[in-house]
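Please look at the sequence and the structure shown here before reading on.

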Amino acid sequence: MLICLTASHRNASFDLLERLSIGAPAAASHLVTDSDVLDGAVVLATCNRFEAYLDIAGDDGAAVRATVEAVSAASELQADEVLDAVQVLGGGDVVQHLFAVSSGLESVVVGETEISGQVRRALEDARRNGTTTSDLERLFQEAAHTSRGVKTRTRIGAAGRSLVRLGLELASSRITDWAATRVLLVGTGSYAATTIAALRDRGAQHIQVFSPSGRAPWFAAKHDLVAATDLRSAIGTSDVVITCTSSEVPVVEACDLDDGARRIVIDLGLPRNVHPDAADVEGVELLDLETISIHAPIAELNAETEARAIVDDAVSRFRAQALEQSTTPALVALRKHVFDILDDEIDRVKRRGDTTPESAEQTERALRHLVGVLLHRPSVRARELGRAGRGDDFTGALDALFGVRPEPVADVPSAVVPLADRAARVRDDEADAS
């Protein structure tokens, strides 16, 4: 069965998400190997959400506890603090949630495009760590297919803007002429390239880049920028400072900004690249992710409505396919039962030796065709019953009529029975035990 632990900007502080974004990926590779209740795990940790998609082999409460303990330890957080922040989803809710997340419908900025790539990379990381399962693979692949459909069939991307572009838009209310504005970019990762494109769209011409890792000269040459070698000096000659590094500690301190000049600092890093005390420096206006999220625009109603309809349709198809598959073991058992009888009868006829080889071959082809025709309707009916949630009726009928029982298999992907609030139950269990 699949369950999901999720914490996002909707129900957790940015401080908590910041620390989870560091620790959770490190814990991901050990979630399965160190637990006897998890078959698989895919961990998604971004700048505004933490999610663990789990394929559980045992008790769901034990799976939640094991995951929370591993992630909180890796993030240097108290387990209770993480448990209070996460929401636990199960069954069809897992499918609905991931499809919406990967389509950008649950982001700080509705319709932002970065999240689909982050979801894809989360699955790739799980593959490298050996923590995927067939159910998780199918779930994430269908999520990717759905997000592509949303992107190509709606204008949701125009309705929502990336965090980079939203941050620049907020800064634009204070900047009259981007062409005359001196910008310092701190960082050389993928966000940096996005930021340069957004700056040039606004007409920015004077852009320096500084890299704590020393990659500024290479990056500057690639993007036709000026490389800065001293951070404080570069800040001193800049009107706007934009940070987007992967550093786990602040790169820009309050003392780096205390020269009395008025400037805007846009911190796109998570963890924070700019120390929070910078907001108290005279003349400095700090726009961090939390501030930017407050100003995230409401998406165009029609575009979001269309996108959610596409997601709902995809979820329905996914659940129907999962339900159909619930009868697969019984169908396999029926076909095996029938074809075993057929093979025995064909062998008996051949052993009798009263037919020519040509006649025996013709008889065998005719019998196999007949069995295929007879099995067609039960196969169709099995899928119909599965889609209707009545797969057990088909399995019970086989047992009653033929004494045929399917081989035991793992749980059907994303069982469609909704999961209760497991996090609350875990807390209750722990309270009872103490």
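Two strands are said to pair if DSSP finds at least two bridges between them, and the elements themselves are DSSP runs numbered from the N terminus, with helices being H or I runs of at least four residues and strands being E runs of at least two. This is a predicted model, in which local features need pLDDT of at least 70 and side-chain atom pairs count only at pLDDT 80 or more, while totals for chains, interfaces and linings use all residues. Residues are numbered from 1 along each chain as its sequence is written, and side-chain values use heavy atoms, with hydrogens and water left out.

**The sheet**

- Strands of a sheet pair through backbone hydrogen bonds, either parallel or antiparallel.
- Here an open sheet of six strands runs in the order β7-β6-β5-β8-β9-β10, and its pairing is parallel.
- β7 and β10 (284-287) are the edge strands, since each of them pairs on one side only.
- Between β5 and β8 the parallel pairing extends over four bridges, and Val183 stands opposite Val240 in β8.
- The helix α8 packs on the sheet and touches β8, β9 and β10, where contact means heavy atoms within 4.5 Å.
- The direction of α8 makes about 165 degrees with that of β9, with axes being lines fitted to C-alpha atoms (for helices over the stretch in contact) and angles running from 0 to 180 degrees between N-to-C directions.

**The nonpolar cores**

- A nonpolar core is a set of buried Ala, Val, Leu, Ile, Met, Phe, Trp, Tyr and Cys residues joined through side-chain atoms within 4.5 Å; buried means under 20% relative accessible area, exposed over 50%, and partly exposed in between, with a 1.4 Å probe and protein chains only.
- The largest such core has 35 residues, and those with the most contacts inside it are Trp178, Ile242, Ile266 and Leu268.
- Of the elements, α8 gives the most to this core, with six residues.
- Another core, of 32 residues, lies apart from it and includes Val95, Leu105, Leu123 and Ala126.
- Leaving aside neighbours within four places in sequence, Leu268 is in contact with residues including Leu163, Tyr191, Ile242 and Ile292.

- Most residues other than glycine have a negative phi.
- Glu76, although not a glycine, has a positive phi of about 60 degrees; this residue lies in the loop between α2 (60-75) and α3 (79-85) and is exposed, with a relative accessible area of 66%.
- Asp224, also not a glycine, has a positive phi of about 60 degrees; its place is in the loop between α10 (216-223) and β7 (226-227), and at 66% relative accessibility Asp224 counts as exposed.
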